[in-house]
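Biologist: Can you walk me through this structure? I'd like to start with the annotated sites.

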Amino acid sequence: MADIWFNEHHVTGSVKLGLNIQEILHIEKTPFQELQIYRNETFGVFMTLDGFLQVTEKDEFVYHDMISHPALAVNPTIKNVLIIGGGDGGSAREIARYNHIEKIDMVEIDGAVVEACKKYLPSTASVYTTEPRLNLIIGDGVQFVAEAADCTYDLILVDSTDPAGPGEGLFTIAFYENCYRILKEDGILINQHECAFHDLDAIQMQKAHSKIKKVFPIARVYGFNIPTYSTGYWYFGFASKKYDPIKDLKTEQWENLGLKTKYYNTDIHIGAFALPTYVKEILSKA
Ligand code: AG3
């Protein structure tokens with residue numbers, strides 16, 4: 001095996017994660033970012049943007065289960081969903097498993113990500129060809145939410161990159177305020193919430209939480225174990241106008257749907273909102 005490696009630096013000059021590159025599939029400088037797709041013997045095909053790991057075939061199920069199912073288990077009547085980012089298609093794939101969902105609008109800024117994933121990551125991106133309820137818009141999510149009508153969506157998923165580069169505008173008060181405005185009166189916002197262990201990441205997490213808390217009456221954070229992201233543990237935010245993620249969990253209703261999932265279940269749902277003390281402290285200072 002060739003000795004070529006993809007490295008994601010978690011702490012500059014001190015800590016990194018390495019995946020051996022078995023095959024180079026796609027390298028492109030898009031108008032927005034550096035897009036790379038490789039194959040690793042253990043994790044399968046994986047995509048990176050600006051040097052940060054986004055998806056691997058082997059562990060994407062964790063992320064896509066956890067971004068999608070908690071909100072649907074809290075409000076089983078969600079019909080209209082907006083996904084911001086998520087160009088690999090994994091979030092749309094999970095949402096589309098619910099027959100009662102009527103419409104999935106997805107706004108991805110970088111069409112090159114969609115095209116490359118269709119070619120190399122069909123396990124997430126085949127949803128583009130199989131799902132008639134999915135309406136893909138190649139455009140800027142910040143602008144989209146600014147122009148969308150009030151009370152349109154039941155659920156918004158912000159499946160973004162880190163808050164540097166094209167993802168930056170998705171971590172601002174103005175963006176969260178527009179999300180609030182375009183959500184219905186019982187709307188839920190789930191957002192990619194970074195990680196809490198290394199100092200610079202923890203600051204990003206804290207900043208995001210402090211902004212969301214200003215806009216939404218209910219703002220919680222939940223975690224999940226994903227081996228290829230920094231420290232193996234990552235977080236989503238659950239912000240909502242009405243529903244509490246634990247008190248309003250519809251365990252029986254969700255289980256009666258009979259969806260087969262590999263990471264999510266209603267026990268994990270409850271456990272995911274239990275946070276380590278250092279994370280609670282970071283968030284309470286937000
Ligand atoms: N979105 C990116 C999650 C954060 C990755 N950050 C990192 N590796 N430093 C994943 C897209 C999946 N649909």
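Modeller: We'll go through the annotated sites, then the ligand.

Modeller: This is a predicted model, where local features need pLDDT of at least 70, side-chain atom pairs count only at pLDDT 80 or more, and totals for chains, interfaces and linings use all residues. Residues are numbered from 1 along each chain as its sequence is written, and side-chain values use heavy atoms, with hydrogens and water left out.

Biologist: Which residue does the UniProt "active site" annotation cover?

Modeller: Asp-159, according to an unreviewed UniProt entry. UniProt positions follow the numbering used here, feature names are shortened, and annotations may be inferred rather than shown by experiment.

Biologist: Where is Asp-159 found?

Modeller: In strand β10, residues 153-159. Strands (E, at least two residues) and helices (H or I, at least four) are DSSP runs, numbered from the N terminus.

Biologist: Is Asp-159 buried or exposed?

Modeller: Asp-159 is buried, because its relative accessible area is 8%. Buried means under 20%, exposed over 50%, and partly exposed in between, with a 1.4 Å probe and protein chains only. Areas come from the Shrake-Rupley method with a 1.4 Å probe; for residues, only the protein chains shown count as cover.

Biologist: What does Asp-159 touch?

Modeller: Among others, Tyr-63, His-64 and Ser-91, leaving out residues up to four places away in sequence. Contact means heavy atoms within 4.5 Å.

Biologist: New topic. Which residues does UniProt list for "binding site"?

Modeller: The unreviewed entry lists Gln-33, Glu-108, Asp-140, Gly-141 and Pro-166.

Biologist: Tell me about Asp-140.

Modeller: Asp-140 sits in the loop between β9 (134-138) and α6 (141-147). Asp-140 is partly exposed, because its relative accessible area is 33%. A polar atom of its side chain is 3.0 Å from the backbone nitrogen of Val-142. A polar contact is a pair of N or O atoms within 3.5 Å; within protein, one must be able to donate a hydrogen and the other to accept it, and residues adjacent in sequence count only if both atoms are side-chain atoms.

Biologist: And Gly-141, buried or exposed?

Modeller: Buried, because the relative accessible area of Gly-141 is 5%. Gly-141 is in helix α6. Gly-141 touches Ile-84, Val-107 and Phe-175, not counting residues up to four places away in sequence.

Biologist: Now the ligand. How far is Asp-159 from a nitrogen atom of the ligand?

Modeller: A polar side-chain atom of Asp-159 lies 2.7 Å from that nitrogen. The protein covers 97% of the 400 Å² of accessible area that the ligand has on its own.
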